[in-house]
Amino acid sequence: MAKIVFTRPKSMKDVVTHYCPGCHHGIIHRLVGEALDELELAPKTIGVAPVGCSVFIYDYIDTDFIQASHGRAPAVATGVKRALPDKFVFTYQGDGDLAAIGTAEIIHAAARGENITVIFVNNAIYGMTGGQSAPTTLVGQSSTTTPKGRTSQNDGFPIQVCEMLNTLQGPSMISRVAVHTPAQVIRAKKAIRRAFQCQVEGRGFSFVEVLSACPTNWGMTPLDAGKWLENEMIPYYPVKDFRIPEGVQ
Amino acid sequence: MARAIFQEDRCKGCGLCTAACPTGIVVLDASRLNSKGFQPAIVTDKEKCNGCALCARMCPDLVIQVER
């Protein structure tokens, strides 16, 4: 009798996502769902989704959700977690959200060491609004607002969020991962599960940045977008564990 | 016998699974369109599937279930 070795996580709804072909959000949603299943967290989970393509996670993961104002997810999650400390609380934010309008909220939630988990999806562009330059857009990368490529003279330099948060004492865990190859997906899964475990054990703020492709707004095929992520993004945004607490699986 | 079952009408034809398959048996079917209007991913040689599920791990749309 054949055994099912891979299928939809129980905590994910059986629906089609609105994401474009080859968008990595679908993979990252599934990793979140798998981690919620494995740690049996779904019944007590409250997710916080702010603004961007990522907000629709509330349609796809079958747990309670709150929608926050643009960038404010870590502040809302702080309130939820402090009012209901027995719940599992995570935010799911894009780079146009977390690294731009939400910069203050993420830094102060991290500095306070709030016992929440943040999944930060970095695709180096504003996806939902049509491909404008984000704080994470690479120098030289073209977007609708930098059609000839971002220049440091005119647009400054991209923000490396993990490196910035790693200067703070508050976070218990900071990792950057990617999902453009099967090996990276498996590593990303471990990091997300570990971040969830940090919160369950009350260790404080845990943060996972996931490098993600936006083939539509990058103007590439999904497979070329994976190569671009490997060759252009990872050299500037190295995938590594910045901080891991001792004893967490 | 291992097999990967594709829920074809959910496929968006991104092709991430085709690059993930170590045996090279997952391809986009250029001969037809699914109900969403994409060329769906299919398995060409079912006998060669080893059930590794790497295609399913790369699929952003949960199209693939793997049995072994």
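How many of the residues of strand 5 (residues 117-122) of chain A are buried?

Reply: First, the ground rules. This is a predicted model: local features need pLDDT of at least 70, side-chain atom pairs count only at pLDDT 80 or more, and totals for chains, interfaces and linings use all residues. Residues are numbered from 1 along each chain as its sequence is written, while chains are lettered from A and ligands numbered from 1 in the order in which they are written.

Now the strand. In strand 5 of chain A, 6 of the 6 residues are buried, so the strand is largely enclosed by the rest of the structure. Buried means that 20 or more other C-beta atoms lie within 10 Å of the residue's own; 12 or fewer makes it exposed, and in between it is partly exposed, with C-beta atoms placed from the backbone. Strands here are DSSP runs of E with at least two residues, helices are runs of H or I with at least four, and both are numbered from the N terminus.

In a regular strand the side chains alternate between the two faces of the sheet. Strand 5 of chain A is covered on both faces. T117(A), I119(A) and V121(A) are buried on one side. V118(A), F120(A) and N122(A) are buried on the other.

Next, the strand partners. Two strands pair if DSSP finds at least two bridges between them. Strand 4 (residues 88-94) of chain A pairs with strand 5 of chain A in the parallel sense, over 5 bridges. There, Q93(A) has F120(A) as its bridge partner. Strand 7 (residues 206-211) of chain A also runs parallel to strand 5 of chain A, joined by 6 bridges. In that pairing I119(A) is bridged to V208(A). Strand 7 of chain A is in turn joined to strand 6 (residues 173-178) of chain A by 6 bridges, again parallel. I174(A) and F207(A) are bridge partners there.

Together these strands belong to an open sheet of 7 strands in chain A, ordered 3-2-4-5-7-6-8, with mixed pairing.

Then the helices. Helix 1 of chain A lies across strand 2 (45-49), strand 5 and strand 7 of chain A, and runs at about 160 degrees to strand 5 of chain A. Axes are lines fitted to C-alpha atoms, for helices over the stretch in contact, and angles between N-to-C directions run from 0 to 180 degrees. Helix 8 of chain A lies across strands 4, 5, 6 and 7 of chain A, at about 160 degrees to strand 6 of chain A.

The two helices also pack on each other. Helix 1 (residues 25-38) and helix 8 (residues 182-200) of chain A meet at an angle of about 50 degrees, with axes 9 Å apart. Helix 1 and helix 8 of chain A are therefore oblique to each other; under 35 degrees would be roughly parallel, over 145 roughly antiparallel, 65 to 115 roughly perpendicular, and the rest is oblique. Helix 1 of chain A contributes I27(A), L31(A), V32(A), E34(A), A35(A) and E38(A) to the contact, and helix 8 of chain A contributes V185(A), A188(A), K189(A), I192(A), R193(A) and F196(A). Contact means C-beta atoms, placed from the backbone, within 7 Å. By class, these residues of helix 1 and helix 8 of chain A are 8 nonpolar, no polar and 4 charged. Nonpolar covers Ala, Val, Leu, Ile, Met, Phe, Trp, Tyr, Cys and Pro; charged covers Asp, Glu, Lys and Arg; the others, Gly among them, are polar.

Finally, helix 1 of chain A leads out to chain B. In all, 22 residues of chain A are in contact with 22 residues of chain B. On the chain A side, strand 1 (4-6), helix 1, helix 8 and helix 10 (222-236) each give two or more residues. Helix 1 of chain A gives the largest share, 4 residues. That side of chain A has 13 nonpolar, 6 polar and 3 charged residues.

Strand 1 of chain A runs antiparallel to strand 4 (residues 64-67) of chain B, joined by 2 bridges. I4(A) stands opposite E67(B), and F6(A) is bridged to V66(B).

How values were computed: Contact = placed C-beta atoms within 7 Å.
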